[in-house]
Amino acid sequence: MLFTSFEFFLFLPLTLLVFAGVRPGHRWLWLLLTSCVFYGIWQPLNLVYLGAVTLVAAACGWALDRTAGGPGRGWILGIGLAAVLGSLFGFKFWDFIAGEIERAAGALLGLEAEAALPRLGVAAPAGYSFYAFAAASYLVDVYAGRLPAGRKAGHVALYVAYFPKIFAGPIERATTFLPRVLSGLRAHPAMLVLGLQLMGWGLFKKVVIADNLAPVVDRTFTIAAYAPPMELLLSVYFFAFQIYCDFSGYTDIAIGVSLLFGLTLMENFRRPYLARSTAEFWGQRWHISLGHWFRDYLYIPLGGSRGSPWRRYANIMAVFTVSGLWHAGLGYGVGWTFLVWGALNGFYQWVGLATAPAWRRLGERLPRVRGSAALRALRILLTFHLIALAWVFFRAATVGDALLILKRIAGNLGRIASLVTRYPYSTDHYLAFGLIAFLLGVELLDERRSIFQRLSAAPVAVRWGIYYGILFGLLLLGRWQAKEFLYMQF
């Protein structure tokens, strides 16, 4: 079920109505039941995958609680992680790897590539990447003793299956999620107001901004070899905002829905295109829950920043390449593009680390320049363009397509002024410019003080005027054709 579907707008009020009538101590059970309905109503087979992951997490967690120590605990953890993460890897990559092996063997032997290796023939169900990572973090936290013993299997099932986050996160930790659920789940009026505000803003970002940018982006990336250079450049910019509004829109709705049930989920986006470095972008502003997951369950276990500088550089690249692989299959198929995208972002971190001492010394010599608004704006622009360049590999069908797009844009930068002034802009372009400008205006205001705090402090007429403005925007400009969220497609 999609947040933007008609069915969801019936499902949510009914779920809330019954939820309010259930005793606080039993509300988690109602949420578990409705989560299964939400996830499996149109694809009942999805419940089999969800049930299998939940069973592995609950059974291995139970066994870890009852194993005092020694190598047995390591074996149990290893079996659980192999089952959860191994199945994720198999769903994503087995068919792709089999095809690449056959192509390589065919090229080496000078023969036509034939399908000789077996194929799974099934893709990962929607949201699998997210709840598999949630289950893996649960197992590691139980192993590390960060969760008390005596958890009910039903609580674990709700942690894995909780419907607002199941398709695209945030990737919550059981260490924070379960105590909140078991505290009784009561929403006070301020939570209800903020929840509805977040839902409205998330819907606006998804169906008004992201889904109005999508047709231009999709059309251009499909004909990358024939599209005019200016169209390619516009589509690269538009895609940066499309994927942001699509993904953060989902997160806003998920957090807003949860607040209606009295449950707080973690922040996942913090105005990422205002980041002043790629390290700030990935570490503090974009998909924060995934960044923390990789930090705690991969980077630190690999050694983190301890050891030699070379070890640190290797650990950073490992995190970003694995992150690239994790994103494979996200609506654009499985290919080498995601690996290149991850490695390119890892390379950005290398450059940032290597040049940090020089920038620090320069800043000490030029303190006025270091603190100037002009330099801050320049750094934001540079960071945005580095991230947008990497997004080309994320969105393109093949590495060759991505390189072609970048080559055609770079080859025409010398006459960019002429291209900008003479390009025949369509209504879709003007609408996109207006929506992006509106988004950036809101984010700049939000950066200084929460936009929701501003709303609360505003006069009633202003506040309701904004509410009606968002509502009219949704009705007049929204594309409600139940287009899936990008990040739920893997």
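Which residues are buried in helix 11? In this predicted model, the buried residues of helix 11 are Ile 288, Ser 289, Leu 290, Trp 293, Phe 294, Tyr 297, Leu 298 and Tyr 299. Helix 11 runs over residues 288-299, and the elements that cover its buried residues include helix 5, helix 10 and helix 12 (309-327).

Let us stay in this region for a moment. His 287 sits in the loop between helix 10 and helix 11. The backbone there deserves a look: His 287 has a positive phi of about 40 degrees although it is not a glycine. His 287 is also buried, with a relative accessible area of 2%.

Arg 271 belongs to the loop between helix 9 and helix 10 (278-285). Its phi is positive too, at about 45 degrees, although Arg 271 is not a glycine. With a relative accessible area of 15%, Arg 271 counts as buried, the cut-off being under 20%.

Now follow the chain to the loop between helix 6 (153-161) and helix 7 (174-182), where Pro 170 is found. Gly 169 and Pro 170 are joined by a cis peptide bond, with omega at about 5 degrees. Glu 172 is in the loop between helix 6 and helix 7 as well. At 1% relative accessibility, Glu 172 is buried. Not counting residues up to four places away in sequence, Glu 172 touches Ser 137, Tyr 159, Lys 165, Phe 177, Arg 180, Leu 265 and Met 266.

Phe 8, Phe 11, Leu 12, Thr 15 and Phe 19 are the buried residues of helix 1. Viewed down the helix axis, these buried residues fall within an arc of 100 degrees, so they line one face of helix 1. What covers them includes helix 2 (27-40), helix 8 (189-222) and helix 9 (229-260). On the face turned away from the buried side, you will find the exposed residues Phe 6, Leu 14, Leu 17, Ala 20 and Gly 21.

Helix 8 brings us to our last stop. Two packed helices are described by the angle between their axes and the distance between the axes. For helix 8 and helix 18 (residues 427-448), the angle is about 145 degrees and the axes are 10 Å apart. The crossing of helix 8 with helix 18 is left-handed. Helix 8 contributes Trp 201, Phe 204, Lys 205, Val 208, Ile 209, Asn 212, Leu 213 and Val 216 to the contact, and these meet Asp 428, His 429, Leu 431, Ala 432, Leu 435, Ile 436, Phe 438, Leu 439 and Val 442 of helix 18. The residues of this contact divide into 13 nonpolar, two polar and two charged.

Definitions and conventions:
Residues numbered from 1 in each chain as written. Predicted model: local features only at pLDDT ≥ 70, side-chain atom pairs only at ≥ 80, totals over all residues. Heavy atoms only, no water. Buried < 20%, exposed > 50% of the residue type's maximum accessible area, 1.4 Å probe, protein only. Helix = DSSP H or I, 4+ residues; strand = E, 2+ residues; numbered from the N terminus. Arc of directions from axis to C-beta. Contact = heavy atoms within 4.5 Å. Axes fitted to C-alpha atoms, helices over the stretch in contact; angles between N-to-C directions. Left-handed = near helix turned anticlockwise from the far one by under 90°. Nonpolar A, V, L, I, M, F, W, Y, C, P; charged D, E, K, R; others polar.
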